[in-house]
Amino acid sequence: MSVGSVLIRNAKVFLGKEFVEGNILVEDGKIAALGKKDFPAEKVINAEGQPVFPGGIDIHAHVYDPRYTQNEDWKSGSLAGAFGGLTTLIDMPLRVYVDNLDVLKLKVEEAKKDSYLNYGITAGFMNGKNKDSIQALAREGVKTFKVFTARPFKAEDYDIVEVFEQVANVNGVVVVHAEDDPLIELGEKRYKSFDDPSYYHLHRTDNAEAAAILKVGFYALETNASLHIAHLSSAKGLQAIEFIRRFYSRVTVETCPHFLYFTRDDTLRLGNYIKVAPTLKTQADRDALWRGLETGDIDVYASDNAPAPRSEKEKDAWSAWGGIPNLEIMMPFLYTFGVEGRRISVETFIDVTSRNPARILGVYPVKGEIAIGSDADLVVLETRKPRRISASTHHHKVDWTPWEGLELKGHPLHLLVNGVPIIEKGELVGEPGHGVYVGLLARRLRKGE
């Protein structure tokens, strides 16, 4: 796609280990030049001395389910993601299984039409009944395959091993919701008689998370599969990751903004509106996750975006919807509490939001980097003035947010997707349809095309 030339002038670009003041020239959707020279271009964007980063890549977002479009869809989700500094979304199954080419084609077609951002699809939920679809899905660009070790989409252990083997054969990545089902059942027996959100969060423990991580870690070792642990929530879970990595290196892990901010004590204030799975843990767990990001033990920062209408939240603690809207706070949250809060470095910020997700998806450095020849998926962050989060102004489809009133810096001043301006001066200027299907991009890159 030819989009003409764009010059991002007066930017701070993080190159090597430091910021460098200069300009970025974009031609035909790719970064063509970097430097202090005032390159000629058809369009000039003034970064106003603000930092420019590779656009965020969210590898775990529930965006489009054909039966739950009242929750989120490609238009609302990708627009919220754009205002959260993201340029790529990987859609995770919500309720409808993505285990055949018809559902995959539907999701891709909807994204191609309605998404403001690049897009990809995770297949799942894989189990004994659909594991033989893995090869066909991989041929159509699916890189990531979701498996549950626990309710409500639990696969049997012997089937999980076979899924690992088949995913390894197609050079894919097994994404695991890792919690131990028998321990969850024990927790339900202990607490389900109490209609109180705090008891919901007590019933899925850090022991359940760590036990499941250890199990699937050894499954990955035995099958030589690439393993990605979704939405890590606890210090014990992180310790389990560190133990598995003593024996096997092809393990990556993500955490999410809600685990870096909320604890289960916040249910006293927010109730079911912060019901999520895995559950919220303690302040000590939250602190361990921040340390894991900075040390590199946690590779990826992902949203696990999964909103629903208020009517689905305002139920009893056990039947209320689990999930929250996160896309619009993604990079601002991590910049404010991570970089400005001195919990993580700028380099870690780029690694966990862009570089590492691109590596997992097999599209680095075409995506996820600022370098000559890379795609111009770029975000200039406004780091001077905070913006207050509000459901009255956000772009999610739902009319509520647990982040209401939070003031964050690092919202997009400008955002480009494949060289096309989507946001300028903090306002929407672009249209859907400029994103690429990163699954097919990864396949072309593997073939050397």
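Helix α12 (residues 330–340) is mostly covered, with nine of its 11 residues buried. Here, buried means under 20% relative accessible area, exposed means over 50%, and partly exposed lies in between (1.4 Å probe, protein chains only). Helices (H or I, at least four residues) and strands (E, at least two) are DSSP runs, numbered from the N terminus. The buried residues of α12 are Met 330, Met 331, Pro 332, Phe 333, Leu 334, Tyr 335, Thr 336, Gly 338 and Val 339. Just after α12, Arg 342 takes a positive phi of about 60°. The model is predicted: local features need pLDDT of at least 70, side-chain atom pairs count only at pLDDT 80 or more, and totals for chains, interfaces and linings use all residues. Residues are numbered from 1 along each chain as its sequence is written, and side-chain values use heavy atoms, with hydrogens and water left out.

Leu 334 also belongs to the largest nonpolar core, which has 98 residues. Such a core is a set of buried Ala, Val, Leu, Ile, Met, Phe, Trp, Tyr and Cys residues joined through side-chain atoms within 4.5 Å. Phe 145, Phe 164, Ile 229, Leu 334 and Phe 349 have the most contacts inside this core. Phe 349 touches Phe 53, Met 331, Leu 334, Tyr 335, Val 339, Ile 344 and Leu 381, not counting residues up to four places away in sequence. Contact here means heavy atoms within 4.5 Å. A second, separate core holds 16 residues, including Val 6, Ile 24, Ile 31 and Val 380.

Five strands form an open sheet in the order β9-β10-β11-β12-β13, with parallel pairing. The edges are β9 (144–148) and β13 (300–301); each has a single partner strand, so one side of each is left without a neighbour in the sheet. Two strands count as paired if DSSP finds at least two bridges between them. Strand β11 (residues 226–229) is joined to strand β12 (residues 251–255) by three bridges, and the two run parallel. Leu 227 stands opposite Val 251 in β12. In the loop between β11 and α8 (235–244) lies His 231. This residue has a positive phi of about 35° although it is not a glycine. His 231 is buried, at a relative accessible area of 2%.

Leu 381 stands opposite Pro 412 in β17. Strand β17 is mostly covered, with seven of its seven residues buried. Four bridges join β17 to β18, and these strands run antiparallel. Val 417 faces Val 420 in β18. The hairpin of β17 and β18 has two residues between the strands, and Asn 418 takes a positive phi near 50° there. Asn 418 counts as buried, at 9% relative accessibility.

The bond from Arg 151 to Pro 152 is cis, with omega near 5°. Pro 152 lies in the loop between β9 and α4 (157–169). The bond between Tyr 364 and Pro 365 is also cis, with omega about 5°. Pro 365 is found in the loop between α13 (346–361) and β14 (378–382).

The structure holds 29 salt bridges. A salt bridge is a side-chain nitrogen of Lys or Arg within 4 Å of a carboxyl oxygen of Asp or Glu. Asp 375 forms one with Lys 30, the closest N and O atoms being 2.5 Å apart. Asp 375 lies in the loop between α13 and β14 and Lys 30 in strand β3 (residues 30–35), so the pair ties together parts that are 345 residues apart in sequence. Asp 375 is buried, at 9% relative accessible area, whereas Lys 30 is partly exposed, at 36%. Glu 179 and Arg 204 meet in another salt bridge (2.6 Å, N to O). This pair links distant parts of the chain, 25 residues apart: Glu 179 in the loop between β10 (173–177) and α5 (181–191), and Arg 204 in the loop between α6 (197–203) and α7. Both partners are buried, Glu 179 at 0% relative accessibility and Arg 204 at 7%. Lys 315 and Glu 312 also form a salt bridge (3.3 Å, N to O). Lys 315 is partly exposed at 39%, as is Glu 312 at 27%. Salt bridges that share partners join Lys 30, Lys 367, Asp 375 and Asp 377 into one network.
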